[in-house]
Amino acid sequence: IFELFSNPTLSFIVPKVLHWYKRLLRTRLKVFKGDEEVLIASRQRIRDEFNRNRSEADPERLEKLLGIARETDAFLRQNIIQGSLRNDGSTYRFRLTDETTPTIDFGESKTKKGARAGRKNDAESLKG
């Protein structure tokens, strides 16, 4: 990132790079809340990916990489669902957010609004 500061033609992109780096770090905190192992691994992966491309100087390539960061952020927010085995050992509890768009079939077809309203109970009683 710091190499970009020294290049006046690329300095416009530094705020975007920092924005998406910080946003991915925040997203992982929300998506993997409570799972320390995954939080540590995801932080390292984000850091590694940004460091790997640290010396990139091609504006088109940088924009493409930022597009990947945007897509990754959206994927994490919309597609990752945390599940944990409940104390009874036979059911799972899933943590869904307003951004989550699960593809789990709970049996009957529901509208988007109906799926939002009823899916917590369905997810909690899903047998393992």
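Helices (H or I, at least four residues) and strands (E, at least two) are taken here as DSSP runs, numbered from the N terminus. The structure is a predicted model, in which local features need pLDDT of at least 70 and side-chain atom pairs count only at pLDDT 80 or more, while totals for chains, interfaces and linings use all residues. Residues are numbered from 1 along each chain as its sequence is written, and side-chain values use heavy atoms, with hydrogens and water left out.

Searching the whole structure turns up eight salt bridges, a salt bridge being a side-chain nitrogen of Lys or Arg within 4 Å of a carboxyl oxygen of Asp or Glu. One of them joins Lys-16 to Glu-63, at 3.2 Å from N to O. This pair links distant parts of the chain, 47 residues apart: Lys-16 belongs to helix α2 (residues 14-31) and Glu-63 to helix α4 (residues 59-79). Lys-16 counts as partly exposed because its relative accessibility is 37%; the class lies between buried (under 20% relative accessible area) and exposed (over 50%), with a 1.4 Å probe and protein chains only. Glu-63, at 29%, is partly exposed.

Helix α3 (residues 36-52) holds both Arg-52 and Glu-49, three residues apart, or about one turn of the helix. Their side chains meet in a salt bridge of 2.5 Å, N to O. Arg-52 is exposed, with 57% relative accessibility, whereas Glu-49 is partly exposed at 27%.

In helix α4, Asp-73 and Arg-77 sit four residues apart, again about one turn. A salt bridge of 3.1 Å (N to O) connects their side chains, and both residues are buried. Asp-73 and Arg-77 also belong to a network of salt bridges that includes Arg-23, Lys-30 and Glu-99.
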